[in-house]
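Please keep the sequence and the model in view while reading.

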Amino acid sequence: MSTFDEVIAADQRIEPRDEMPEAYRKTMVRQIAQHAHSEIIGMQPEGYWITRAPSLRRKAILLAKVQDEAGHGLYLYAAAETLGMDRADLTERLIDGRQKYSSIFNYPTLSYADVGVIGWLVDGAAICNQVPLCRSSYGPYARAMIRVCKEESFHQRQGYELLMTMMGGTAAQRAMVQDAVDRWWWPSLMMFGPPDADSPNTARSMAWRIKRHTNDELRQKFVDMTVPQAERLGVTLPDPELRWNAERGHHDFGTPDWDELKRVIGGDGPCNAERIANRRRAHEEGAWVREAAAAHARKKEATP
Amino acid sequence: MDLYDDDFTGDGHWAFGTGFRDPLDGVPMTPASPELAERCLALGDDALVMSHRIQEWCTRAPELEDEVALANIALDLLGQARLLLARTGRDEDALAFHREAAGFRNVRLAEVRNGDFAHLVVRLLVFSTWRLAVLERLRGDPDPVLAAIADKGVKEVAYHRDYAARWTIMLGDGTEHSRERMERALADLWPLVGELFTRDPDLRAGFDAVIGEVLARATLKVPAGTAPPGPRGDDLAELLAEMQGVARSLPEATW
């Protein structure tokens, strides 16, 4: 048994200088980069509403949240760098489409209620996915996840609190919330990835203790967690098949449109092109700034 | 399966704890005189409008570190705006979302449309150098509330000035191209500097000294002459249309 296998078997952490199979390293790079990209692209759908927030308190909350996402991106890119990757290179891979980000951010945000629903459902789903990753086998990623999860859970409560406030407001506000729930529910369920039967990498990722639970287990956990929250809020989840199954001790629910997930992952979602174009523009418009900073640093080195 | 096996109770749950000190904790709150309310309104509007222009940079910054720093600066200014608007004795949201452009008391430097990153850096350098001088003086204001707000603001704005000064030096003394952009931004924004000192003309000398030192280290020149600014455009009206749109479309709503 190699050292790597022993560490995994003992449920301990793999650190950057440790030996690891090339496939493990590649899987970690792909997963961490994809997560980092998701944080950065995820700033866009909510960031749009910062300058439009309907109260100064909500503006401050949203601005702080989007700032947290930039911070999460930063420490996830740093975790990827421990595997020999370079942030600039990863950014290139994002904007030329070689690396992916979460499909959820390819849906549009149409009203301020979307800010609350993203906090409640999208951050809620992210927490379900990420809390087990705090015990993921790759040390730098697991440690980054601890901080990310704490902040995400803060965001999730704030989103839910916004929705509670809106549901206690006018009929128009309640309608906005229901409309946003209708639009975000199924894409949120898709955040857990394809069904287990159609997820070829799950078994290996579980054997390597990168993943702790299958996609379907996490999806079920999310549904069970969310149903009572929806009831308290007073919204209807848009799934006629959703009901409590006493025998299983879980909720039964309908099947997400997996073809839609494939299309969105494949680049054909409502906002894919816009999200990447925005990221590319920011990167290109910042090129002269980064060049100037590098040139200045070289001058400083030349004249100590 | 226990997803919440972390200890999610108590203060340790939050990344920065929950023990934020209220800057107005224990400060006696008396009704503001019309003169004090007017001063707080102007200082609050400066912060609110400037914060908005920095918020517009969100997802557009040249590096992630700047994304975080700019959001931080925008948040600080938004926080100052909220305390100052509250000190006028009126509702912060009524002031922010239900006033027309003509009722805003901010300086033009805060409201003009964004340009490139050099424009942002120069605007932030000028704005924060001036505002830091204003707030430092206000720490000794007879109104204890305004003095406490200024005391908190001084620490924040000192950081904003530092951030802008560092970028001024890097871009001024970076590449030929970055230097040209900085010169253009200085030329564009300099006509708006004069207005800053109509309230406190005696702060100008200290301002000139700081700007002179930063620009010298950036190998940039302080723009010569004091060309009068052009006519006021519709920049603020356009900004407010975006900022106030949602709030005004649902006037009975609670947020």
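At roughly what angle do the axes of helix α2 and helix α5 of chain A cross? The model is a predicted one, and in it the axes of α2(A), residues 22-41, and α5(A), residues 87-95, cross at roughly 70 degrees. These two axes come within 11 Å. The two helices α2(A) and α5(A) are therefore roughly perpendicular to each other, since angles from 65 to 115 degrees count as such. On the side of α2(A), the contact is made by A33(A), H37(A) and I41(A); α5(A) contributes L90(A), T91(A) and L94(A). Sorted by class, the residues of this contact comprise 4 nonpolar and 2 polar ones, with no charged residue.

A second pair of helices in chain A presents another arrangement. The axes of α7(A) and α10(A) come within 10 Å and cross at roughly 30 degrees. That angle makes α7(A) roughly parallel to α10(A). From α7(A), the residues Q156(A), Y160(A), L163(A), M164(A) and M167(A) take part in the contact, and they meet Q229(A), R232(A) and L233(A) of α10(A). The classes represented in the contact of α7(A) with α10(A) are 5 nonpolar, 2 polar and 1 charged.

Attention may now turn to charged side chains. Side chains of opposite charge can pair when their charged atoms come close. Over all chains, the count comes to 44 salt bridges. One of these joins K65(A) and D123(A), with 2.7 Å from N to O. Because K65(A) belongs to helix α4 of chain A and D123(A) to helix α6 of chain A, the pair ties together parts that are 58 residues apart in sequence.

The remaining topic is the interface of chain A and chain B. Chain A brings 64 residues to the contact, and chain B brings 58 residues. The size of an interface is often given as the accessible area lost when the parts come together. Between chain A and chain B, the buried area is about 5,300 Å², and carbon and sulfur atoms give 70% of this area. Salt bridges are found here too: 4 of them cross the interface. Among them is the pairing of E63(B) with R87(A), whose closest N and O atoms are 3.0 Å apart. The two chains also share 12 residue pairs in polar contact.

Several helices of chain A give two or more residues to the side that touches chain B, including α3 (43-47), α6 (112-130), α8 (171-190) and α13 (287-302). The most is given by α4(A), with 14 residues. By class, this side of chain A has 33 nonpolar, 15 polar and 16 charged residues.

Conventions: Residues are numbered from 1 along each chain as its sequence is written. Chains are lettered from A and ligands numbered from 1 in the order in which they are written. This is a predicted model: local features need pLDDT of at least 70, side-chain atom pairs count only at pLDDT 80 or more; totals for chains, interfaces and linings use all residues. Side-chain values use heavy atoms; hydrogens and water are left out. Contact means heavy atoms within 4.5 Å. Buried area is the accessible area (1.4 Å probe) that two parts lose on being put together, summed over both. A salt bridge is a side-chain nitrogen of Lys or Arg within 4 Å of a carboxyl oxygen of Asp or Glu. A polar contact is a pair of N or O atoms within 3.5 Å; within protein, one must be able to donate a hydrogen and the other to accept it, and residues adjacent in sequence count only if both atoms are side-chain atoms. Helices (H or I, at least four residues) and strands (E, at least two) are DSSP runs, numbered from the N terminus. Ala, Val, Leu, Ile, Met, Phe, Trp, Tyr, Cys and Pro count as nonpolar, Asp, Glu, Lys and Arg as charged, and the others, Gly among them, as polar. Axes are lines fitted to C-alpha atoms, for helices over the stretch in contact, and angles run from 0 to 180 degrees between N-to-C directions. Angles under 35 degrees count as roughly parallel, over 145 as roughly antiparallel, 65 to 115 as roughly perpendicular and the rest as oblique.
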